[in-house]
Amino acid sequence: MRLLLPFSSPLSATSPTHSLPEHPHPSQFDYSVLTKIIKKSVIGTLTGALSLTLVFSSPITSVSAAIDPYLSLNPPSSSPDSSLNHFDSSPEDCPDEEEADTETLDDDVRPQLVTNEGIVEEAWEIVNDAFLDTRGHSWTPETWQKQKEVLLASPIKSRSKAHEVIKKMLGSLGDQYTRFLSPEEFSRMSKYDITGIGINLREVSDGGGNVKLKVLGLVLDGPADIAGVKQGDEILAVNGMDVVGKSSFEVSSLLQGPSKTFVVLKVKHGKCGPAKTVKIQRQVNATTPVSYRLEKVDNGKISVGYIRLKEFNALARKDLVIAMKRLQEKGASYFVMDLRDNLGGLVQAGIETAKLFLDEGDTVIYTAGRDMEAQKTVVADRKPLITAPLIVMVNNRTASASEIVASALHDNCKAVLVGERTYGKGLIQSVFELRDGSGVVVTIGKYVTPNHMDINGGGIEPDFRNLPGWDEVKEHLSKCNILQQS
């Protein structure tokens, strides 16, 4: 099974249940907020292996350290009242489940008889099939084949030794993001939850051109698990809103809300099971990454909407839309989006944020890789929310998803960049589960800006070091558009 980042429809700009902070000054970045993962699955070619594509939102080297803050999903002290769950009157659940839907991440479904040499060879094959050498270390399938022959020339007498061999093998690639995960590290990652109710979602084609949204996995004893949601259930509606055909990213955002509040799901179990309505109490507070204020410049003649975006989580796009509309209502005719110290977050949230400012058909980002799944062109699919002049503030801690936004707006002549050169994190990693429950993180692709510049390593050079005047901003964008058209 393979889990891939969803490149799909943007979020609807529905109002959240929380209120956005207004008029605060930028606060120091919260280092505990480093990475979030959005997951989508399709059946892959690695039998018995699980992979999930993710883009780390910061220059980190330890997956577990970055993800742990989001995995402390303590189960509620008591089960929800039985009156909270209402089951529609319908036939019994379908006894025959879809085979793909009954797959779990539990140890009891993994093949138990796997040799130490087999684990090493499995990790070797993943690299052989998908690894992208982004640093020019002259990796070739031929040299990799020779390394395999050397590694497996002698018996590997213990599982710990096999894991050490894999670490050494991956280390020889010279890629800081390609690395080994212990079974404990992989287990924590596989239970990662951004919904606040303890589920992971995936998009599945129904074979007729439509997409179904299904529950990939459940956090044991989490809110959804306790309420009766099952792995493989299809999500039909959230709070009465039909979500059939919507992306997992969009629905994850709808599921989030303040802790202790409730969300109502309509789910269908199996191919022919009944639809049932389940009321679930949220467990994790969804916090907005957006703050904003209105500023008067040029002796009060110009109103500027200042928006600070601390990270790209599932609420980023929705709350940014709300902030921009409120600022427009207050008379903002120019905008500043501050991405300084924004280490990234959900890459899909960054992509959907960039689309807010682009014309339909504009390129957001290109992805390049050996695997066809990693080769995509992401484009904007609707008119921009605003056409006002825009400044994007960046520094050397603007990374990953933030760099996708900054480059998309810059290369399409929608914004000028002000500040320092960005960090330069533009690689795509995939996480694969091995048959003993351990895993490997492998670089499989990279991001390329609309102007075909490789983000990774070099970062993005700003247009101005210091804040320019708005006349200068308009002149710069006008020249950019003329050059682009010619």
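Let's start with helix 2, whose buried residues are N116, G118, I119, V120, E122, A123, W124, I126, V127, N128 and A130. Keep in mind that this is a predicted model. That list amounts to 11 of the 15 residues of helix 2, so the rest of the structure largely encloses it. What does the covering? Helix 3 (141–151), helix 4 (159–171), strand 19 (427–433) and strand 20 (439–448) are among the elements that cover the buried residues of helix 2. The geometry of helix 2 (residues 116–130) holds up too: at 1.5 Å a residue its 15 residues should span 21 Å, and the end C-alpha atoms are 22 Å apart, which agrees.

Nonpolar side chains tend to be buried together in soluble globular proteins. Here the largest nonpolar core has 72 residues, and I166, M337, F357, V364, V392, L409 and V440 are those with the most contacts inside it. Helix 2 supplies the largest share of this core, seven residues. Domain 1 (116–175) and domain 3 (290–427 + 444–485) each give this core at least three residues. Another core, of 19 residues, lies apart from it, with I197, L213, V238 and V267 among its members.

**Around strand 17**

V392 is a handy way into the next region. Setting aside neighbours within four places in sequence, V392 is in contact with M337, L339, A406, L409, A415, V416, L417 and V418. Strand 17 (residues 390–394) is mostly covered, with five of its five residues buried.

| Partner of strand 17 | Sense | Bridges | A bridge pair |
|---|---|---|---|
| Strand 14 (residues 334–338) | parallel | four | M337 and V392 |
| Strand 18 | parallel | four | I391 and V416 |

Now for helix 10. Its buried residues are A401, S402, E403, I404, V405, A406, S407, A408, L409, H410 and D411. With 11 of the 11 residues buried, helix 10 is largely enclosed by the rest of the structure.

Just after helix 10, C413 takes a positive phi of about 60°. C413 is buried, at a relative accessible area of 4%. How many disulfides are there? A search of the whole structure finds one. C413 and C480 form it, with their sulfur atoms 1.9 Å apart. The link of C413 and C480 is left-handed, with -70° about the S-S bond. C413 lies in the loop between helix 10 (401–411) and strand 18 (416–419), while C480 is in helix 11 (residues 470–485), so the pair ties together parts that are 67 residues apart in sequence.

**A last stop at Y423**

Is Y423 buried or partly exposed? Y423 is partly exposed, with a relative accessible area of 35%. The place of Y423 is in the loop between strand 18 and strand 19. The C-alpha atoms of Y423 and A399 are separated by 5.2 Å, although the two residues are 24 residues apart along the chain.

Notes: Residues numbered from 1 in each chain as written. Predicted model: local features only at pLDDT ≥ 70, side-chain atom pairs only at ≥ 80, totals over all residues. Heavy atoms only, no water. Helix = DSSP H or I, 4+ residues; strand = E, 2+ residues; numbered from the N terminus. Expected span 1.5 Å × (residues − 1). Buried < 20%, exposed > 50% of the residue type's maximum accessible area, 1.4 Å probe, protein only. Contact = heavy atoms within 4.5 Å. Disulfide = S-S within 2.5 Å. Core = buried A, V, L, I, M, F, W, Y, C linked by side-chain atoms within 4.5 Å. Domains from an automatic or database assignment. Pairing = 2+ DSSP bridges.
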